[in-house]
Amino acid sequence: MRELLRRYQFLLLAIILLLITVILYSYNLRHKTATTFFERAILTFAAPFQVGVDGIVDNVTDVWGNYLWLVDAQKRNLELEQENLELHSQLQQVEEISLQNERLRKLLAFVDDLDRPALPAQVIGEDGSNWARTIIIDKGTRAGLYSGLAVVSAQGVVGRIMKTAPDSSRVLLITDASSALAALIQRTRTRGVARGLGAKLSIEYALRDSDIQIGDLLVTSGMGGVFPKGLPLGLVESVEKDQYGLFQQVTATPTTDFSHLEEVMVIVGEDQ
Amino acid sequence: MKGFFLFLFTGIVFALLQSSVLPLFFSPNWRPNLILILILYLGLSENLPRAIIASLLLGAIQDSLCGPNLGLYISVYLVIILATRVLSDQLNVESPPLLLLLIAGGTLLQNLLIGFYLTVFAATAPVLQILFPAIPQQIMTNVFFATILLFLLLRFQRLFGYRSGLAGLIYQSKHHGT
């Protein structure tokens, strides 16, 4: 027996370890919204680095902008160059602030319409894989956030918080394949489930006879209680009907541009 | 032991880069998986117990920054480490082109395993529509970045004058399987 164990020790070790990891994964699938100590530690450790990178990128962009301007200005008088450089730098800062103000104003107006208290947050990181769609924001349990809260942008729904650390949280985007939320076509009130497809959304369980046109606005249905009713999700991009089958195949483009997401709002309260 | 901690530290840096710096320059399909490259290298250069422990830790770190659940990358990297170890017994892993081929194979295996786990255990079959079309881009980008990392590694070795050839692979010939 001992000889047999020694002979197959690699195989046995491999099988046992594999079983343990699969059980761990299955366990965590059941406890999706719970943030483990390890995850909290990694998120806490990563947050300052991600905030730092975010700041560095902003500064490098500014410096690069100034440098490009400087190359062009070399032909001019030195005094004028200096003065212009300062003015240009100030102007850039003002432009950046005004753009940020504009974005935040839109966000606030959007949240005002919701009639629910919301907390602004900055996007500081993205998912490291190519298949999952999550982002990291700079607010966490210290700001009162917890798993399950809805996250929106001025353009529409972003996703929901799934893991939290003291100063950061991970948000599952609506375009992630594991995200599914109740939705309806605004024009015809046709119901369906919006599931993430990476860059697009697929609207599942939309009945074959329902009237859905390209360009129709897809909004949240309010079912499930996470997202308020009527928030924009996407615009219908394609509609296909098979000869047979109960449902039609509908895809939509999200209204939120996830590649340029900088500020978001976390809806923290109930209907006022 | 020092080498083991260096691997872990490098893995943490790679994980942070993948979640904060690389998304600024690469779209998701063209974003390299630096941790996978490190795991494959680890499978060839470290002894089995250390390679397994490091892969479990690096998998947990990647799980904390990618995807929705803890455990997926832990399991996937464990399979990759074990497969690498089995393969390394049969192949001449000292050859850099072969190592790059191994990285292409590892990328393919990783995507297949993630697809399998997410479909069978998490019931998120739509992920296959995201995962599989991106495999060629993932292979190309991982091989490209592995080439750069290997080149840098060999340069550093020459600079410090030890372990000529592929870093760690001479170490492997001494400690492999222990």
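Predicted model: local features only at pLDDT ≥ 70, side-chain atom pairs only at ≥ 80, totals over all residues.
Residues are numbered from 1 along each chain as its sequence is written, while chains are lettered from A and ligands numbered from 1 in the order in which they are written.

Me: How many helices and how many strands does chain B have?
Reply: Helices (H or I, at least four residues) and strands (E, at least two) are DSSP runs, numbered from the N terminus. Along the sequence, chain B reads α-α-α-α-α-α-α-α. The count for chain B is therefore eight helices and zero strands.

Me: Which element supplies the largest share of the side of chain A that touches chain B?
Reply: Two residues are in contact if their C-beta atoms, placed from the backbone, lie within 7 Å; in these terms, 38 residues of chain A are in contact with 41 residues of chain B. On the side of chain A that touches chain B, at least two residues each come from α2 (9–30), α3 (37–73) and β1 (118–126) of chain A. The largest share, 10 residues, comes from α2(A).

Me: Is A:Val266 buried or exposed?
Reply: A residue is buried if 20 or more other C-beta atoms lie within 10 Å of its own, exposed if 12 or fewer, and partly exposed in between, with C-beta atoms placed from the backbone. A:Val266 lies in strand β12 (residues 263–267) of chain A, and its contacts include A:Leu119, A:Leu145 and A:Ile161. Because A:Val266 has 24 C-beta neighbours inside 10 Å, the residue counts as buried.

Me: How are α3(B) and α4(B) oriented to each other?
Reply: Axes are lines fitted to C-alpha atoms, for helices over the stretch in contact, and angles run from 0 to 180 degrees between N-to-C directions. Helix α3 (residues 48–65) and helix α4 (residues 72–90) of chain B pack at about 150°, with their axes 7 Å apart. Angles under 35 degrees count as roughly parallel, over 145 as roughly antiparallel, 65 to 115 as roughly perpendicular and the rest as oblique. The two helices α3(B) and α4(B) are therefore roughly antiparallel.

Me: What is the handedness of the crossing of α4(B) and α5(B)?
Reply: α4(B) and helix α5 (residues 96–120) of chain B pack at an angle of about 140°, their axes being 10 Å apart, which makes α4(B) oblique to α5(B). A crossing is left-handed if the near helix is turned anticlockwise from the far one by less than a right angle, and right-handed if clockwise. The crossing of α4(B) and α5(B) is right-handed.

Key. Lists of a residue's contacts leave out its neighbours within four places in sequence.
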